[in-house]
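Work through the exercises below with the model open. Each task is followed by its solution.

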Amino acid sequence: MKPIIKVIIPAYNEEDSIAKVINDIPSNVDEIIVVSNNSTDNTKVLVDSYKDKQIYLYGISNNGNIAKSRNLGIAKAKGEFIAFLDSDDYWQVNKLEKCMAVLTS
């Protein structure tokens, strides 16, 4: 059975980068959880535009404490493995593959 992988992305006004971040997530990810800290830009519109993927958007007011956003993502994630990805960061193409090889060996 293939491991269930969830990716949590905290975001605050990341309309300029969130689409690339989401598009670069490998296909072996089962669910993407974006936690928006009261974004006032088009972050919500961009995330909502993904109809064909398992992407969920949750709102939070974390008062500058990004750990609160991550903790909300963890609470919403139902899976075997959770990975964190910042909304302005990118992974190497085989990052999760390498991680899973170590975690499941």
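**Exercise 1.** Leaving aside its neighbours within four places in sequence, which residues is S69 in contact with?

*Solution.* The model is predicted: local features need pLDDT of at least 70, side-chain atom pairs count only at pLDDT 80 or more, and totals for chains, interfaces and linings use all residues. Numbering starts from 1 along each chain as its sequence is written, and side-chain values use heavy atoms, without hydrogens and water. Start with location: S69 lies in helix α3, residues 66–76. Helices here are DSSP runs of H or I with at least four residues; strands are E runs of at least two, and both are numbered from the N terminus. Next, apply the contact criterion, heavy atoms within 4.5 Å. The partners are P10, V35, N37, I60 and N62. Finally, check burial: S69 has a relative accessible area of 1% and is buried (under 20% relative accessible area, 1.4 Å probe, protein chains only).

**Exercise 2.** Give the order of the strands in the open sheet.

*Solution.* The order of the 4 strands is β3-β2-β1-β4, with parallel pairing. Two strands pair if DSSP finds at least two bridges between them. β3 (55–60) and β4 (81–84) each have a single partner strand, so one side of each lacks a neighbour in the sheet. Within it, I8 has F84 as its bridge partner in β4.

**Exercise 3.** Which residues does I22 touch, not counting those up to four places away in sequence?

*Solution.* I22 touches I9, I32, V34, V47, Y50, K53 and I55.

Definitions and conventions. Buried means under 20% relative accessible area, exposed over 50%, partly exposed in between (1.4 Å probe, protein chains only).
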